[in-house]
Amino acid sequence: MVYEASARIRDPVYGCAGAICQLQKQASELQAQLAKAQAEIVTMQCQQANLVAIILEMTQSKEPNNVSQQTDTTCFLDDTNLASAWEPLWT
């Protein structure tokens with residue numbers, strides 16, 4: 001009751017409900033940031049794996065000019081696919 005009274009003094013219109021709403025919004029924003037960071041980590045791990053594969057291919061090849069230019073880019077995420085990575089966190 002003391003908290004609710006203090007919140008009502010700070011915000012006479014919304015009281016503690018305003019504080020709760022603000023904290024929920026902040027939690028949602030932080031979840032979005034976390035999801036984006038996790039997606040970026042996955043992208044960087046895939047890039048690293050592709051670079052390591054290319055380097056290994058170059059070092060194992062006897063003819064460096066014959067290195068295959070094919071790389072697997074299926075694990076790269078672009079900005080349009082980041083939203084789908086966030087979906088489970090928005091519920």
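Over the protein chain the mean pLDDT is 81, with 67% of the residues reaching 70 or more. This is a predicted model, in which local features need pLDDT of at least 70, side-chain atom pairs count only at pLDDT 80 or more, and totals for chains, interfaces and linings use all residues. Residues are numbered from 1 along each chain as its sequence is written, and side-chain values use heavy atoms, leaving out hydrogens and water.

The protein chain has 3 helices and 0 strands, and from the N terminus on its elements run α-α-α; helices (H or I, at least four residues) and strands (E, at least two) are DSSP runs, numbered from the N terminus.

Let me turn to helix H2. It covers residues 16-60, 45 residues in total, and reaches 65 Å from its first C-alpha to its last, close to the 66 Å expected at 1.5 Å a residue, the expected span being 1.5 Å times one less than the number of residues. UniProt, in an unreviewed entry, places the feature "coiled-coil region" at residues 20-47, although such annotations may be inferred rather than shown by experiment. That span is 100% helix and 0% strand, and its end C-alpha atoms lie 41 Å apart.

Which residues of H2 are buried? They are Ala32, Ala35, Ala39, Thr43, Cys46 and Asn50, where buried means under 20% relative accessible area, exposed over 50%, and partly exposed in between, with a 1.4 Å probe and protein chains only. An α-helix has 3.6 residues a turn, so residues three or four places apart point the same way. In the protein chain, buried residues make up 11% of the 91 residues.

Finally, Glu4 lies in helix H1, residues 2-10, and counts as partly exposed because its relative accessibility is 49%.

Definitions and conventions
pLDDT = per-residue confidence, 0-100.
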